[in-house]
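Please open the model in a viewer and follow the stops below in order.

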Amino acid sequence: DTSGKKIALSNNYAGNSWRQAMLTSWDKVTGEAVKAGLVAAADAFTTAENQATEQAAQIQNMILQGYDAIVLNAASPTALNGAVKEACDAGIIVVSFDGVVSEPCAWRIAVNFKEMGRSEVEYLSKKLPEGGNLLEIRGLAGVFVDDEISAGIHEGVKQYPQFKIVGSVHGDWAQDVAQKAVAGILPSLPEIVGVVTQGGDGYGAAQAFAAANRPMPIIIMGNREDELKWWKEQKDANGYETMSVSIAPGVSTLAFWVAQQILDGKEVKKDLVVPFLRIDQDNLEENLANTQAGGVANVEYSQADAIKVIESAE
Amino acid sequence: MKLTPSADAIRLAIPALSLTVLLAAVFWLQPRAMSYVGLNLLFNLAVPIALATIAQMLIMSVNDLDLAMGTFVSFVACVTATFLRDEPLVGILILAGAVAVYAVLGVVIHLRGLPSIVVSLGMSFVWAGLAVLLLPAPGGQAPEWVRSLMTMKPPVAPMAIVACIVIAIVAHLIVMRSSLGVLIRGIGGNQRSVERAGWSVLAARAAAYGLAGVFAVLAGIALVGLTTSADANIALRYTLLSIAGVILGGGEFIGGRVSPIGAVIGALTLTLAGSFLSFLRISPDWQIGAQGAILIIVLALRLLLNRLEYREKRR
Amino acid sequence: MRIVDRLSRAPWIWSWFAAFLVWFATIMVTGGASTLGLSQAALTFAAFSIIVGIGQMFVITLGPGNIDLSIPATMTLAGTVALKLMDVDNAMILPGLATAILIGMGVGIANYALIKALRIPPIIATLSMSFIIQSAAIWTNRGLRIKPPSFLADFTTSTTLGVPNVSLVALVISVAAWFLLEKTVYGRWISAIGQSMPAARMAGVPVDGTRFVTYVLSAVLASLAGYLLACFSGGAALNMGTEYLLMSIAVVVLGGTAVAGGDSNVPGIWGASLFMFLVVSMLNTYGLGAGIRLIMTGLIIISVIMLAGGRQPGAR
Amino acid sequence: MTVRMSKAIIEVADAKVSFGAVRALAGVTLAIRPGECVGLVGHNGAGKSTIVSVINGGLTPQQGSISGDGEPLQRYGINAARVRGIRCVFQELSLCPNLTVVENTRILHRQVGGLGWRRRARLVIERSLDAVFPGHGIESDRTVGDLSIAERQMVEIAMAFSDSGIAPRLIILDEPTSSLDASLTEQMLAYVRRFVASGGAVILISHILHEILVTASRIVVMKDGRIVAERPGDAWSEHGLVEAMGSVVKGEAHRRTLRDLAKEPVVIAQTGRGLPLQAKRGEIVGLAGLAGHGQTRMLMNLHAASTADWLPRRDPAVTFVAGDRRLNGVFDLWSVLKNFSIASLHDLALRGVVDAEAEAERAGEWKRRIDIRTPDMTNRMLSLSGGNQQKVLFARSLATRAPVVLMDDPMRGVDVGTKQEVYEIIRQEAQRGRTFVWYSTEMEEVCLCDRVYVFREGEIVAELAGDAVTEENILAASFKGEAAA
Ligand SMILES: Nc1ncnc2c1ncn2[C@@H]1O[C@H](COP(=O)(O)OP(=O)(O)OP(=O)(O)O)[C@@H](O)[C@H]1O
Ligand SMILES: Nc1ncnc2c1ncn2[C@@H]1O[C@H](COP(=O)(O)OP(=O)(O)OP(=O)(O)O)[C@@H](O)[C@H]1O
Ligand SMILES: [Mg+2]
Ligand SMILES: [Mg+2]
């Protein structure tokens, strides 16, 4: 019985649509759970800036506030270990997702970002068997996710050597930054057949290509509604084909249920894996219809989904 | 003779009072914080901020501003979590080199009459680049001795409090009591007069920057001691936090008017303000805004007390 | 000779020189093939830094300690609210613009209220304000990206006679700013305040009014830039202003405006804005990793300021 | 007293200094011997401050040689000068305002270092303050910025005379009394005489010729970068000095024309603690009393009360002539022209756009009228000598249309000739109906006023009018506060 338990969400960043969708999902799902009396409270906390130090302080405050479990999207996989350890020592369950932490006492709901990067190149190799030049748009330098996806992409290129990465820019997971960076490097690049991205930057890249009057390459999208809409328009106009892949913001709700299950006394393995959310040519319309205008394609999880995920890990 | 507090004492009383009020509010919201462990949890992340604030204060006392503080502390954190642990000698050399770079910056800024804001802006890119080179992805690990130092449990008061008091005292001795400190603040007050007395302003500025470098290095090391590992973006916020800390502590941007004890109190206040907010449980939409609001409130309190000080001065 | 001499002492010349060098080094990679594309891209993206940079310059001219850190948040809020209001409807363009400008004015008023009424140093006042604005932006539509009206999207992304439209907007604003600074009483006033606030007050300058107008101006320019940027990049994002925080300061000081106040420089902002874009493009083009690229950017900025610095300000 | 023919402490031979096109020193030869007080006078921009900078090592002449105690000095600089016991009091304050008196002592006396320096520095400065200004009442751990301008000046003077190991041998005083009132000036001059009698040397620069005449054993007159006359002190009269400086003496200088202002309207008034202040149209109202007793604050209040900080006023009600020109007078980055025109921009602008031609014309007019010594009004303000900067500030205010002019001891560092011209301008303007509220530390100027308010401890304690405006009455009121009104 977890009806007396309090769960907190520690979130390190709220400044983009993905995070906003994540918070909305949390709000919706946990709100119902609280109403149903499954847990006593499920409060969300967000730091002002994307900083590990601030988040560490936030976790320490949660310890003081007496939460029973902390669901964590971490600014850094390692820099919060000190605070997480303190929480564990205080008897608090810590479940990390998306941005996971490496502290052994915490649970991890991880996405295989490396595989996500590799799959992008694999997809391209199917569409463009003869290969060609690729442009890579990376995220924020020095951040774990950026490094992982990029490593996966490079692994993919090694696997399919017909591709060559001729340019790499940092788009900081933001459309306008990506647009700016691509516009700056594009004039000096040879013909590009594909753009491999990390999500949140595909539309900006497309804009930059259009502005430079360059043939539109296959740009891997990141599940943002504007990206999907643009893709749909292109598809209708000239049969443009690509795919879109990202982690669903609703994974926060999965983490919530996992935390609830652990509090309930379930044996749960420390490492759980969720699949990333992939949209293809044929299910584009369906996904677009389910996505809020200006938002991100999303999946929310129920308690039953969580139990399924937990059981399949055993 | 009338017993009136000196201007310096009032300058200190203001930040001290804001800290007390905030602390009282936190204790009221969360009585659990009123314990050895609680205080440590509330304040331990203030230790590196306090050190960075002192570093920023040294730079501000010669009328300059360091916009690279955050990236520099991040860089130091990366060095600490990698070299200082694996090859302590190389690590120490790198950190010493970094301090030397700070001193050299002071020299260059003085010789060429450059605006410190731009130079430090440029340096912030350089430190960030070096940090990314060192740790392309977060990682590394704190050296054992740093970790044990930061998690020590001294009797009576928790480590965070003890460390802050030590920092305040050391900085006070250097900046307010020593000849070098007087010289540095003198440059902030009236550089020409220091020059006319035959001092080398160049050397003094280099010393101020070098000292700032030392404190910033300590900040980086202390930070890694708390977080156990580092990443290239770990302390970006310290630039603005350190400036805000100096101001909250009664320091001023120009004129060499600074207070080391005030600066440490300012750093503590900033840290506490964050905790206060999470205890309030504001809707996530407005949590960021509330941080702005609390800064405003604390500074408004400063105004109130400044008014009192002014009235005091007018007799 | 005289011209060369005078030019070499102009504070803005160095940023232009640096921009040209970097531009040249970049197009050389493709043997000149990328000239047009790169130049257009540079003009386009520099335009946004120029617009916010001019606002920041007016504020920095007010003297030491004056700085506007609320620019990024203002851009975000103005972009978000304006696009939400217009809701892809071409008929709503003007109301949208008016709303963005109103938001700018509101932010400017609030900034100066904090600075004046509560005596908070501008750097902290505008920072605190920016947190509040950022929250307001989150609260208004939680980061959903709404597309701009088609006319605006076309206007901001297309060119006139080969010159990007947004850079033409920036040019108009720059000329106006230059005129304000060099020719009008208001320009004299802000320069006087920047050199010495007590002296300006005793000389009869309406100090508060002037500073107030300046902070409002900066915020309005930021909101205008936010409006344009949101239309240009196909929607407002919550983090769209982030990089303009350091950028707005960098272009001002690299452009030759005195950090100590009282002396400002419009042409320099163009040079510096182009330079800041081109440096990143150049380093990207040369395929350097993020670390090296950051280091090079920093070193180049320092070299430029070293070349330009150390000069005695001339009689003005 | 005969000058002993001992070796000169410092000797400058044929020093030439130019700043660009301006020739500040055109071959000056000057030797200072122990036991003499050399008075240095000359018009604004004559080169006094420049020769002082040469002697104290702050400026290397482009030509000429320097020798000390008979030996030629090759590498002469600030430190070399200090080691020889040469000290300088500069006119603009050169203490660090953010430090305490003791800490400033530490900065100025490099040898007071080491553990326990605070105690030693305190001893050094307190001993000197007690010696020069007995009964000064300045606590040595107060922050200099909190001291009044007169107290700061006192500290600075005491600092120059203080002894922390290297005994002072030559003290240069560049207009040390400009912010001191009569009694403090007297204390200082008395100390200078004692110091000289005990074998020290002093260079005294002042535009108040009386001070020079009663103190100096030798008086040197400079004009346009040259020494034009040099005689023992008692061989000079005030008249002779003025003539040698090249200023025309105006006989009527000290007479106040009595006017009937009873029917004129009151244009400015202020009530506070003490007696109320009011000034009528065309009246010259003096603010007197010991320095730092609230006169400047009164002027600031008057100014603040009639200017708007938010909206520009088309017709300014008051204008202000700063005395502390570094703090609230001069705009460093600007040319003389812009410094001049800032207060009257509204008259020179159409719809907010400045008319450059009208501006230059107006500036040229005033350059002629009060003889601002600069080849070109577009030169930098800071290239002017201190006195000329002050003249520009005067011109700035008088060129406005404001009916009331507030003056905060505006004649600091203005030479005798110019002063007379400015007095004349003030009289004319008053005749035309302008009102002047004039704070001055110089009794001579106070006596030019129609009516005088005497200040003590921040409030007006007495009002003197017409023939009652005398030195005795003012002094009596400033000390007792209960003089006959
Ligand atoms: N740094 C400088 N740059 C340009 N000109 C200068 C500079 N310093 C002094 N001058 C010029 O040199 C001349 C002599 O100046 P100096 O300050 O010695 O005059 P002064 O006799 O002290 O006058 P005052 O009584 O007004 O102080 C003046 O014409 C002044 O304008
Ligand atoms: N920053 C500066 N740049 C150039 N010249 C300067 C600067 N500061 C002072 N000077 C010059 O140094 C000389 C000394 O100036 P200062 O204002 O000290 O005059 P003073 O003789 O000491 O006082 P006063 O002029 O009031 O009698 C002046 O001629 C002035 O032009
Ligand atoms: Mg002089
Ligand atoms: Mg003078």
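Predicted model: local features only at pLDDT ≥ 70, side-chain atom pairs only at ≥ 80, totals over all residues.

Which residues of α6(A) and α7(A) meet? A:Gln175, A:Gln179, A:Val182 and A:Ala183 in α6(A) are in contact (heavy atoms within 4.5 Å) with residues of α7(A), namely A:Gly202, A:Tyr203, A:Gly204, A:Ala205, A:Gln207, A:Ala208 and A:Phe209.

Residues are numbered from 1 along each chain, chains are lettered from A and ligands numbered from 1 in the order written, and side-chain values use heavy atoms, without hydrogens and water.

Next, select residues 175-185 and 202-211 of chain A: the axes of these two helices come within 7 Å and cross at roughly 35 degrees. Axes are lines fitted to C-alpha atoms, over the stretch in contact for helices, with angles from 0 to 180 degrees between N-to-C directions.

Then move to chain C and select helix α9, residues 185-195. Eleven of its eleven residues are buried (under 20% relative accessible area, 1.4 Å probe, protein chains only), so this helix is largely enclosed by the rest of the structure. Among the buried residues are C:Arg188 and C:Trp189.

Finally, turn to chain D, where an open sheet of six strands runs β14-β17-β18-β13-β19-β20 with mixed pairing; strands pair if DSSP finds at least two bridges between them. Strands β17 (404-408) and β18 (435-439) of chain D pair in the parallel sense over five bridges. Helix α15(D), residues 416-431, packs on the sheet, touching β13, β17 and β18 of chain D.

Key. Helix = DSSP H or I, 4+ residues; strand = E, 2+ residues; numbered from the N terminus. Buried < 20%, exposed > 50% of the residue type's maximum accessible area, 1.4 Å probe, protein only.
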